[in-house]
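Hello,

Here is the structure I promised to pass on to you. Please open it next to this email, and I will tell you what turned up in it.

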Amino acid sequence: MDQTESTASNLIFAVNGARFELSSFDPSTTLLEFLRTRTRFKSVKLSCGEGGCGACVVLLSKYDPTLGQVEDHAVSSCLTLLGSVNGCSITTSEGLGNSKDGFHPIHQRFAGFHASQCGFCTPGMCVSLFSALVNAEKTNRPEPPLGLSKLTTWEAEKAIAGNLCRCTGYRPIADACKSFAANVDMEDLGINSFWRKGETDEVKLSRLPFYSGPKNQICTYPEFLKGECQTVMHLDSKQNSWHCPRTIEELQSMLELHMAGNGTRSKLVFGNTGTGYYKDEQDYDKYIDLRHVSQLSLIRRDHAGIEIGATVTISKAILALKEEFKGESDMLFHKIADHMEKIASGFVRNSASVGGNLVMAQRNYFPSDIATVLLAVGSTVNIMTGRRHEKLSLEEFLAGPPLDSRSLLFSVHIPCMGAIQNGFSAETGSRLLFETYRAAPRPLGNALPFLNAAFMADVSFSKTGVLVSKIQLAFGAYGTKHPIRARKAEECIAGNVLTVALLYEAVTLVRETVIPEDGTSRPAYRSSLAVSFLFRFLWPLVDSGAQIFKDGLDGCTDALMERTLALKNDNNDFGRIGNLEFLSSAKQLVESSREYNPVGEPITKSGAAIQASGEAVFVDDIPSPTDCLHGAFIYSTKPLARIKDVNYKSDPLPDGVADVISFRDIPGGGENIGTKSIFGTELLFADDCTTYAGQRLAFVVAETQKRADVAAGAAVVSYDTESLGSPILTVEEAVERSSFFEVPSFLYPTQVGDFSKGMAEAEHKILSAEIKLGSQYYFYMETQTALAVPDEDNCMVVYSSLQSPENAHTVIARCLGIPEHNIRVITRRVGGGFGGKAIRAIPVATACALAAHKLRRPVRIYLNRKTDMIMAGGRHPMKITYSVGFKSNGKITALHLDILINAGISADISPIMPRNMLGTLKKYDWGALSFDIKVCKTNHSSKSAMRAPGEVQASFIAEAIIEHVASTLSIDVDVVRNHNFHSFDSLNLFYEGCAGEPTEYTLPFIWDKLAMSSSFDQRIQMIKCFNTGNSWRKKGISRVPIVHPVQIRATPGKVSILKDGSVVVEVGGIELGQGLWTKVKQMTAFALSAIQCHGTDELLEKVRVIQADSLSLIQGGFTAGSTTSEASCEAVRLCCNILVERLAPLKRKLQEQMGSVVWDILILQAHLQAVNLSASSYFVPDFTSMEYLNYGAAVSEVEVNLLTGETTVLQADLIYDCG
């Protein structure tokens, strides 16, 4: 066997310039899995596992030896199969730069623009931007100014459109991206650590980390791989069940073998993006890679149209459709391409094939946009079965039986528009109209549509109006098996002059045709969208027809036609907000003082650069110890049932499974405890009975995370519900059965005023109005994760991503039945928490610790997104009934609230909810305020703290009541808000004990200042004019105040000064991305500078804040409630004061001897003279200052499309008093 043949069976590729050659691999392994488990590169993160978030994005580069060109594009590594990267080069964020070799300007700018908070998503963002920079460099655009790129600001923002961030907000991220654009407006870039206000654009540009172009810094495809590409391009490894046919004949032979019926299960592979939607968990005997079958990737253009091969990626299809084409077809192809750009995200479109999308639509009933759009233009498909080819219309293909494994979609043909040339037909004067429509939760892609549609019509003017010679109406994704043509509506319209009556008839037929199947969400909305889209398409033509009837046809055909088309292209009164950039311009103004420098300065967030480069270590990035096992939860699917058995169809346990841990494995002296709060505990595992769906039943421990997940999913749970009664699933059922959690009297808020008296004074009343609020999932980018490592002497070290190591410490010790000094819980950073990792992370860490304790081997877990969503709990749903009395001017005299809170199965933090809610509800002077709040116990997963728990719901309730009053009185809502604004006296009444001094009540000042800075009154008048002139688009503006009570908790701190003058700090608070470490560093530098010696101005760079360790620093408490940073800073300040006091005598002595004292010398001498340079403190706030009020206000302007419900936030203005 020659060298070529021997290496062709090996998988060869490069990662960040390093060569990898694998003689064996599991063909189901994804690139993400390989990178995270077999390399040192951990910047690629697993978050959604569906190609929908961008956390796993890498740059994939391919080399074409014929053209001598490298093709670079971003892809989702969580979807890309490892076998698909043969001959490719992979670049991750570490490959762009790092702390050792120097950070890339992308990393530096992300850090400097404060574009990284928790940092979990940041490496993927950086790679997405780098991909855009690399490809912009390949264009023929003019050379940009020095330090910038060929990107436009629109492209820069678009580069990260598919990347999700749950904590930073996109403004600073967009600023970091736009700072590379050739046409950037430096004034538009927000607060950063590079320049100060007032500097010129030239100075600002010079202060940015210098960028010299992607190719000058990074080689995306190494030279050694170019030399091997002829060999490694065509991997054909029977050993690994991965086959790479090079011709259609080879592919046909493989498919024929499959047709022989020998039981072999084959999987056709291209981008594998379908697994992001349809979880493919079955095993295959053979993987057939279609990437090298050239006949399937061809794009042919001729007078009849464009034929696109089945394996052409959606991104390449878009480029092909945008190439110049003669006549109307150019318009048609461009609009198809524009619609395709709203599908998924760029890094998915770079991998996904047109053929794969259509096959999913036909075989799996995937809600495809491509299928709907191509159906409208009369596309055809070429199906290959064996060696036979068959041409079908797309409509026939979609309606036919599911394509079986013997058949292959070969290509799709999009036709040109026949004899119509250059706009008008010479014979008929007709004009082709084509539009596509899409309504989705997010308009720019990465979200499946509620409904999509595409319409094509051949129209001309007659003396009586607009004649529609032919029309094709396609609708899809509305809860049906496949897109359809609305034939009855087409027949109704075709050959007729458009009139209002005809349009009404057509709309009626569409409503009768587009009927979602049972079980489809929002069926009425989807049907109404179909009607709205058709109306939007045809109404301008009806309107033009009326104009013809009024003015006559002579001499106006061309002009009127052009006006009609212009109106349609501009979307007239119906349309979107126009082709604006993704984010509008913004300005930020922070008023700060340098009196406490560096406290309050906008310095770069601690660790931001290593977060961007991917070097920041999260729990799942910690290398697995020797003999490490992986866990996955088996959970209940019943809300109330006895558990008869948990087992497997196979006996013994599945391959790779070491054990299944349940409550029976808790050691003697231990407890079945999974969480703890001041209100009670929750079971780690259900014992004999499960009390909610999603409850933990057992913990599968296996050799790999994949095997653990598969084994957990394959477990068979037997239930028995006999004589158990029905579960409590609603708050109404909880009331009927008196199922409540007790709220301690010291936490239950007090009523204000006399409700009966207030209602008696009212001139108007609203009685028993209802509001229902649903739950909300956290969607932290990093799911729940932990690693437990057994240590000597029956000890356990647990690394966990959580907000309360102290509580986890206690729970683990109680579960294992060992002293707390045998447990150490370590948390360095958390990839997003939002409250979901305060209590809900504890059972995850405890289960790992229990398994590790039993098996005496390290055990780790990284929950898959589905399991995390089922088990997490989330925000509290609730039902609110209110009665309110008010005067004719809008002044409210009394409000009563009955609130039922669905807490789920355990107390968690739910008894705190009434207090939290009333703190926000009291932001208005309600006159008299009474309430009855019940915390309901139901058979649902426990609801927990979530980003302002209770406050978010309460603010919504307050504003809904204000809006209801204004609507009832038919007066402006801002008038009602003003009438119910607190005076300081009413504020003191409602917020007794925490209102502070009159000078501290800044909300009235903020309210008025915001009105002026946002031009609130002027914009109200402009909006009224806009709404008068537009029937289908309406604008609205609202100004809303916020009063947010916060409470400071006791917090520990520790500061130690090392011999070289560097400083190490420990605090109880956890770095969640909120910048706690940064603020603590600033406070440490400020407080130690009180020693007043040379070198203290550089102290900030000498300070390092280290991870939380529950044994090193006890009583860490919770990181929650928005006050942990300030409490930690105060604890650190107290430590620094102690150290300064200890150093002061030595400093005076040295000053007498030397004249001036340098920090490093002072510290060295302190060490030599045995001065204690480590200080601890425990900050306990005074009762009088532990609670205070925060104030803010915001103005929001929105635009709503009344036909589709599409809502766009046009402008937001905020003012916040941060002290």
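First, a word on the annotations: UniProt positions are given in the numbering used here, feature names are shortened, and annotations may be inferred rather than shown by experiment. This is a predicted model, where local features need pLDDT of at least 70 and side-chain atom pairs count only at pLDDT 80 or more, while totals for chains, interfaces and linings use all residues. Residues are numbered from 1 along each chain as its sequence is written, and side-chain values use heavy atoms, with hydrogens and water left out.

In an unreviewed entry, UniProt gives the feature "binding site" to Gln803, Phe834, Arg947 and Gly1121. They are spread over 319 residues of sequence, yet they cluster in space, with a largest C-alpha distance of 12.7 Å.

Look at Arg947 next. Its place is the loop between strand 35 (928-937) and helix 30 (951-969); helices (H or I, at least four residues) and strands (E, at least two) are DSSP runs, numbered from the N terminus. Leaving aside neighbours within four places in sequence, Arg947 is in contact (heavy atoms within 4.5 Å) with Arg166, Cys167, Phe834, Arg875 and Val952.

How exposed is Arg947? Its relative accessibility is 40%, so Arg947 counts as partly exposed. Buried means under 20% relative accessible area, exposed over 50%, and partly exposed in between (1.4 Å probe, protein chains only). Gly1121, in the loop between strand 40 (1108-1109) and helix 36 (1124-1154), is partly exposed because its relative accessibility is 46%.

Enjoy exploring!
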